[in-house]
Amino acid sequence: MKKTLIIANWKMHFNTHQASIYLSRLNRITSIHRNLEVVLAPTFLSLGQLAQEVDPRKFKLAAQNAYFKDEGAYTGEVSFSMLQGIVKYVIIGHSERRIYFNEDLPMIRDKVAAAYRNKLIPILCIGETKAERLANETKRVIHDQLTTALANLTSEEVRTIVIAYEPIWAISTFEGDIAKPQEIQKVIDYISYQISELYGSRVAQDVQIIYGGSVNSSSITSYLALDNCQGSLVGGASLNYEEFANIINKAYLLRK
Ligand code: PGA
């Protein structure tokens, strides 16, 4: 069984100094848990510094994005190849990248391929908008996002991918549309089914599916208790190190 993944997606928060202070505080109040992998995803700017400060037995690092070309005249971009040796994971296709930075399906497919080319593990985010959900299009959207992103990958590559199901309507809405665990279960099952259709059931069993969308220390247990939900991508609630430590502890209690 793979380790449960608890990932802090800090988005565009914390300068390098703040990131460093957060890390030392979180480090002080957490211990190493055999069945958990705790991952921090700071901005590019803080990655180098955190890579030097982090205890790699306790925390892994992820980038929030990268560009699919390995080098060249692409002003403002950072490549997957530059992240080698610094991060283990790269978040790809987060809905905020799709929405605000116009990342389309082919670009996300190219980024997934670039991650594997550079020996990094993609955390592929997929999920439907509120309008798509209301129009009963969730399955079609998930199908299209998955089949495009996984195109051209070998079974061995797909086996190691992390798929984060993040319904867009449930992201950062702590007081609004909280996703009901039963509803999430249906989509997790569908993702697993789709992967087995594409790559066979043995590969599908190995793929790690996690949930993200307004998860906090009160709700984490109900999502991790779902069948085949093997972790969580936490945004807002990860910005407070004590709250994030509570999330880690809840996950630990479930998996110890
Ligand atoms: P949230 O963000 O926990 O603030 O909803 C999750 C994400 O966008 O990855």
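Predicted model: local features only at pLDDT ≥ 70, side-chain atom pairs only at ≥ 80, totals over all residues.
Helix 7 and helix 9 are oblique to each other. Two packed helices are described by the angle between their axes and the distance between the axes. Here helix 9 spans residues 181-199. Helix 7 and helix 9 pack at an angle of about 40°, and their axes are 10 Å apart. Angles under 35 degrees would count as roughly parallel, and 65 to 115 as roughly perpendicular. An angle of about 40° therefore makes the pair oblique. The crossing is right-handed.

Which residues meet across this contact? Helix 7 brings T138, K139, I142, H143, L146, T147 and L150. Helix 9 answers with V187, Y190, I191, Q194, I195, L198 and Y199.

Helix 7 also packs with helix 5. Helix 5 covers residues 105-117, and helix 7 covers residues 138-150. Their axes lie 7 Å apart, at an angle of about 45°. Helix 5 and helix 7 are therefore oblique as well. Helix 5 passes helix 7 in a right-handed crossing. On the helix 5 side, the contact is made by L105, P106, I108, R109 and V112. On the helix 7 side, it is made by D144, Q145, T148 and A149.

Now turn to the rings. How many aromatic pairs does the structure hold? There are nine. One of them joins Y67 and Y74, with ring centres 5.2 Å apart and planes at 45°. Planes under 30 degrees apart would count as stacked, and over 60 as edge-to-face. Y67 is buried, because its relative accessible area is 15%, under the 20% limit. Y74 is partly exposed at 33%.

Elsewhere, ring pairs link W10, F14, Y22 and Y241 into a cluster. Two arginines lie over ring faces. R97 is over the face of F101, at 4.2 Å from the ring centre. R133 is over the face of W169, at 3.6 Å from the ring centre.

Most residues other than glycine have a negative phi. F14 has a positive phi, near 75°. This residue belongs to the loop between strand 1 (4-9) and helix 1 (16-29). Is F14 buried or partly exposed? With a relative accessible area of 23%, F14 is partly exposed.

S214 also has a positive phi, near 55°. S214 lies in the loop between strand 7 and helix 11 (220-224). At 9% relative accessibility, S214 counts as buried. F14, at 23%, is partly exposed.

Notes: Residues numbered from 1 in each chain as written. Heavy atoms only, no water. Phe/Tyr/Trp six-rings, centres within 6.5 Å; stacked < 30°, edge-to-face > 60°. Buried < 20%, exposed > 50% of the residue type's maximum accessible area, 1.4 Å probe, protein only. Lys NZ or Arg CZ within 6 Å of the ring centre and 35° of its normal. Axes fitted to C-alpha atoms, helices over the stretch in contact; angles between N-to-C directions. Helix = DSSP H or I, 4+ residues; strand = E, 2+ residues; numbered from the N terminus. Parallel < 35°, antiparallel > 145°, perpendicular 65-115°, else oblique. Left-handed = near helix turned anticlockwise from the far one by under 90°. Contact = heavy atoms within 4.5 Å.
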